[in-house]
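User: I would like to learn how to read a few features of a protein model. Please take them one at a time, with the general idea before the case.

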Amino acid sequence: MKSTLTKYLKTTTNTAPLAVFRIGFGLLMLFSIIRFWSKGWIETIYILPDFHFKYYGFEWVQTLGDYTYLLFFICGLSSFFIAIGFKYRMAIITFFLSFTYIELMDKTTYLNHYYFISILSFLLIFLPAEKQFSLDAYRSRKQYKNIPKWTIDSIKFLLFIVYFYAGLAKLNSDWLLKAMPLKIWLPSKYDLPLIGESLMQQNWFHYAMSWSGMLYDLLIPFFLLYRKTRVVAFMFVVFFHVFTRVLFPIGMFPFVMIVSALIFFDAGFHNKIIDNIKKVFRSFSAEAIEVKEVFQFKREKLILLIVGLFFILQLAIPFRYLLYPGELFWTEEGYRFSWRVMLMEKMGSTNFKIVNGETKAFFYVNNSDFLTPLQEKQMSFQPDFVLEYAHFLGNHFKKQGHKSVEVYAKSYVALNGRLSKPFINEAVNLYAEKESFKHKNWVLPFNDDIKGF
Amino acid sequence: MIKKILSIAIITLIILGCSKSDDGGGNDSNGNNDDTYNRAALLTNMADQIIIPAYQDLNTKLLDLVSAKNDFLTTANQTNLEQLRTAWFNAYKTWQYVELFNIGKAEEILYGFRMNVYPTTVSDIEANIASGNYDLNSVNNNDAVGFPALDYLLFGIESDDANILNLYSSPNYKNYLSDVVDQMQSLTNIVLQDWINSYRDTFISSTENTASSALNKFVNDFIFYFEKGLRANKIGIPAGVFSTTPLPEKVEAFYSKNKSKELTSISLQAVKDLFNGKSYNSNTTGESFESYLQFLGRDDLAQVINSRLDDAQQKIQLLSDNLSNQVTTDNSKMTQTYDALQLAVVSFKVDMLQAFNVSVDYVDADGD
């Protein structure tokens, strides 16, 4: 067993797939940053709001006012450097830190694919992605034909986890037996040409989409790994992501997944891509570069340890929800960072009552005085948002001179087409509750059963 | 193989690129088969059976108001004052059926803000009258015109009727009263004519699921009105729900004293009629939010909404005719009414929006 592992870790493979992956990743990230910027979201999401929702433990991450633009510029520039392979290690570390910092500034915009970018860029810090067809290789007059096989496999494994866990999460009774939430979402796409007024409205189609979506997520990594099914599987990848992009506002995610899936192809394919790019930029290949056979890490043991730990965490984190009582979809305790994508149509209405603990006099807060519509929407059905906002309100009104401030929430939430019901215990003074990883017992029980993962 | 894959990738990019431009297109006014809900029929019922008839009725009532006003200005006596007040109240009641349609021309000319901003600002009115020089179309005068201004001019401007009649011998008072009434009628006529002559057709054909389509705006505006115009303005704010102390002077029709409950009750009835697609002029019902919910298999929700609206109506019926008095004597009945209305807000804003899955106009970010 041990020898197999040692042997595996010593196996090498062609560098090209990782080099192409680096270029694709860098360019897509550059484009993502430009797109985000041009839509004005830096302003509306990070600069204009008075208040930002923070991840537990990362309350110290502050927005930077107008310097937020600088942060995005740095992030975009590092993406470009990653693509051209210029000072790669520095660039990918800068990218990881700046991108993750951006995501930590406000959890309102949490998306699984942003999290994916963060952890993928973390992994890329340790991979020799600049050893071929990069400015670094060109400047050092040295490139490597082969690298340890596990480096490329680690990216494949991460993609495997993303898809497979997303598939596991779809093994639940709402998704499979009620076709929820697709039954709500698909009929509303009635504007689509040809299929909008026909397929999208069919009950059987909602079920077909639910089941095939589940099967796709669970099986696609295997079909991509297996050489004989790879090309067909890739076509499925393209079709699936294009189709979901047409249906849902999912931004850059489909592009990221399509380009990432190219890593499953053989080196020959990637070498051809490199050759094609070389033809366009002929001047770069003008000078002879020393081609070395195999790249070897200087501190391979340390790096293997870090990458190993990284994957153990990735495998374990999505299952942390098992440590909490109650329905996961309702409490969302352990919901994020688990590749639970498109599983819920959840909306809420949550209003806050500021009570003077002595006189019992009270008034309600107008949420739009403090939150953007997007923040209010996200806050309304996620308990950690509710608690954080309750504390913000408590502090705000205390500072204004209100006495014995208590904060209560009146909250109703509807999940996957069920009638809305009370969400937060109205008798609990949230201002006295502390955020922690413990179960929030002031979230009222769901009183329904969603079976499965 | 590489060519194959690259061509797939290129086709993908093209499809992705094009899919964006489809967002605004695609009318489905003839999407009439059994699989799909006919949204054009819903909007047509709204326009032809509810919105336009309500505007027509309001216009008629305002023409009555204009003539009652003219009679009063010719002969300022008690009888004519009473008739003017009655005409005002009749129009105000009909207004409750119109206030929720802040779409099309009404939205463009800020119609609602020029008809019913309350509390009215007495100092602005008095200043306008004193100077005799004012622009009622100015945004600054939104709180000095419309129904609330007339409420003050006809009921609150002096302590008793004899003194009120006295005032209207002065040309400045006469002119101001006349200008306010005439403007209300002319604004209403502008909106009505626009509905009849052009906006109706735009409205009923704009059924796409986009943030700017008439259907989605209509749904969003309806909910916004219920939450803000009805729940907050008519009940919540006077009851002090959003302030540290109750604000009894902020009720609708404050100066005429015993009209506010009836106006609120009618506005809730208007909401319920619209939800159920009940014609303005008869008891027949047509396609509506209710029937759309039923089509989506959400009879449960349609029932909950109707019963919550009924509950709220019952709570309103328990209130004093003068909501201002209710606030000062037993505010708990007001806050109970507010709570009942809030439950209906939840049903509309959370459940109904979720069921319709309309694209909302205010959230702009990616999902995943």
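Analyst: Two strands count as paired if DSSP finds at least two bridges between them. This is a predicted model, and in chain A strand E4 (residues 346-356) pairs with E5(A) in the antiparallel sense over three bridges. Within that pairing, Ile354(A) stands opposite Phe363(A) in E5(A).

User: What is the order of the strands in the open sheet of chain A?

Analyst: Strands of a sheet pair through backbone hydrogen bonds, and the pairing is either parallel or antiparallel. Here the open sheet has four strands in the order E5-E4-E6-E7 (chain A), and the pairing is antiparallel. Strand E5 (362-364) and strand E7 (421-422) of chain A stand at the edges; each has a single partner strand, so one side of each lacks a neighbour in the sheet.

User: How is the interface read, and what area do chain A and chain B bury between them?

Analyst: The size of an interface is often given as the accessible area lost when the parts come together. Chain A and chain B bury about 4900 Å² between them, with 62% of it on carbon and sulfur atoms. Chain A gives 61 residues to the contact and chain B gives 54 residues.

User: How many salt bridges and how many residue pairs in polar contact are found between chain A and chain B?

Analyst: The rule finds one salt bridge across the interface. It joins the side chains of Asp339(B) and Lys410(A), at 3.7 Å from N to O. On the side of chain A that touches chain B, helix H12 (residues 230-247) of chain A supplies the largest share, seven residues. That side divides into 36 nonpolar, 14 polar and 11 charged residues.

User: Now single residues. Is Thr108(A) buried or exposed?

Analyst: Buried means under 20% relative accessible area. Thr108(A) has 5%, so Thr108(A) is buried. Its place is the loop between helix H5 (88-105) and helix H6 (112-125) of chain A. Leaving out residues up to four places away in sequence, Thr108(A) touches Phe53(A), Leu374(A), Gln375(A), Gln378(A) and Phe385(A). The side chain of Thr108(A) also makes a polar contact with the side chain of Asp106(A), at 2.5 Å.

User: Where is Asn322(B), and which residues does Asn322(B) touch?

Analyst: Asn322(B) is in the loop between helix H13 (299-317) and helix H14 (323-329) of chain B. Asn322(B) is buried, with a relative accessible area of 9%. Not counting residues up to four places away in sequence, Asn322(B) touches Lys257(B), Asn258(B) and Ser260(B). A polar atom of the Asn322(B) side chain lies 2.9 Å from the backbone oxygen of Lys257(B).

Notes. Residues are numbered from 1 along each chain as its sequence is written. Chains are lettered from A and ligands numbered from 1 in the order in which they are written. This is a predicted model: local features need pLDDT of at least 70, side-chain atom pairs count only at pLDDT 80 or more; totals for chains, interfaces and linings use all residues. Side-chain values use heavy atoms; hydrogens and water are left out. Contact means heavy atoms within 4.5 Å. Buried area is the accessible area (1.4 Å probe) that two parts lose on being put together, summed over both. A salt bridge is a side-chain nitrogen of Lys or Arg within 4 Å of a carboxyl oxygen of Asp or Glu. Helices (H or I, at least four residues) and strands (E, at least two) are DSSP runs, numbered from the N terminus. Ala, Val, Leu, Ile, Met, Phe, Trp, Tyr, Cys and Pro count as nonpolar, Asp, Glu, Lys and Arg as charged, and the others, Gly among them, as polar. Buried means under 20% relative accessible area, exposed over 50%, partly exposed in between (1.4 Å probe, protein chains only). A polar contact is a pair of N or O atoms within 3.5 Å; within protein, one must be able to donate a hydrogen and the other to accept it, and residues adjacent in sequence count only if both atoms are side-chain atoms.
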